Amino acid sequence: MKLFYIFIFLLLSASLTAQNFNGQWKGGFNESSYGFSGLGGSQIDYVLELQTKGSDVSGYSYTYFNEGSKRYYTICKLTGTVNKAAKDIVVTEIERVKYNTPPNFQNCFQTHRLHYEQDSSDTELLRGTWIPAPNQTGNCGYGTTLLSRRVVKRMPLGITSIDKNIVKTTPKKNSPPLPRTQKPVVKQYVKPKPPIVKKEELVKEKIPDISENKKPETTITPYIKIEPRRKDIIKTIPISEPTFRVDFYDNGEIDGDSITVIYNGKVVLSHKMLSAKAITLNLSLDEDVRQNIITMYADNLGSIPPNTALMIVTDGDKRYEVRITSDTEKSGSVVFVHGE
């Protein structure tokens, strides 16, 4: 029986220390070989969007670089493996999905071998090297890779922020205490009497002048243009409480990502910039529909596309983290269903 409990303890310890690689990692890679004519040996913006299932990895890579005044990109589908216990991951680009590189550009697939590191209390790193993927022709180079993402610090449920304006004060030492028989004087609020106005001082309500065909002023509600894009359902979350909270953060480097949020077909958040500070929505389920859908629409792609947010859903004492990615072709969506 003792061996059984030791085995269970080891399994729990391994699950607690296993690293979660899911989500988006932003950074870049250097080309450090000689004679490579592809990327010129400069720092290249690189983004990995990863999804793990067991030891298998799938996802996409985004490569961005400048040549003169023009900015180029390549989006590739990737596959790989992960060793969560050792905190190692290997990914290989296998299919070019979209790109705008010149016709004579040497657009090679890459294999990145990366190791997870905790850089600080609020930053995670993937650091390693890259080499050409198998079966590449020509000189594709090699170099180093460094990616990072921000860690959202978890606060106790029910606490959203710390009020910095609360100042702890202590009574002055020189002020003498009140005698026991003396009660403090409490000022009472007396509602002031309305002033007496004579009848001749009353002014009639001003009637708008319509003699010159003047049209009454109207309030114009700004129109939000939502382009039709494909919806990608990322996750389904059961909700059991009458209301629940949704917080949005920038997932990674703060690079100017702006979003509009649509809930059940209505805009509930318009043109808000993502940052390290939470953008909070308090929502409730529509009892008349089976599925309630929230969609993150990308207003822009920031300086390092795509537009990615970390969405944290708090339903009572339950908490869910979802990394949503949106771009000019698709919008990430999450479905909320009635839970038990």
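In what order do the 8 strands of the barrel close? The order is β1-β2-β3-β4-β5-β6-β7-β8, with antiparallel pairing throughout the barrel. From one strand to the next, the twist averages 30 degrees; axes here are lines fitted to C-alpha atoms, for helices over the stretch in contact, and angles run from 0 to 180 degrees between N-to-C directions.

The model is predicted, so local features need pLDDT of at least 70 and side-chain atom pairs count only at pLDDT 80 or more, whereas totals for chains, interfaces and linings use all residues. Residues are numbered from 1 along each chain as its sequence is written, and side-chain values use heavy atoms, with hydrogens and water left out.

The protein as a whole contains 1 helix and 17 strands, taken as DSSP runs numbered from the N terminus (helices: H or I, at least four residues; strands: E, at least two). Of its 340 residues, 36% are buried, where buried means under 20% relative accessible area, exposed over 50%, and partly exposed in between (1.4 Å probe, protein chains only). The exposed surface comes to about 23100 Å², and carbon and sulfur atoms supply 55% of it; these areas come from the Shrake-Rupley method with a 1.4 Å probe, and for residues only the protein chains shown count as cover. Among contacts (heavy atoms within 4.5 Å) between residues at least 6 apart in sequence, 62% join residues at least 24 apart.

Two strands are taken as paired if DSSP finds at least two bridges between them. Strand β2 (residues 44-53) runs antiparallel to β3 and is joined to β3 by 9 bridges, with leucine 50 opposite glycine 59 in β3. The hairpin of β2 and β3 has 2 residues between the strands, and glycine 54 takes a positive phi near 70 degrees there. Strand β3 (residues 56-67) is in turn joined by 12 bridges to β4 (residues 70-83), again antiparallel. Along this pairing, serine 61 faces cysteine 76 and asparagine 66 faces arginine 71. Cysteine 76 counts as buried, at 3% relative accessibility. The hairpin of β3 and β4 also has 2 residues between its strands, and glycine 68 in the turn has a positive phi of about 70 degrees.

How many disulfides does a search of the whole structure find? The search finds 1 disulfide, defined as a pair of cysteine sulfur atoms within 2.5 Å. The link joins cysteine 108 to cysteine 140, with an S to S distance of 2.1 Å, and is left-handed, with -70 degrees about the S-S bond.

Leaving aside residues up to four places away in sequence, lysine 330 touches Tyr62, Arg229, Arg230, Asp232 and Thr325.
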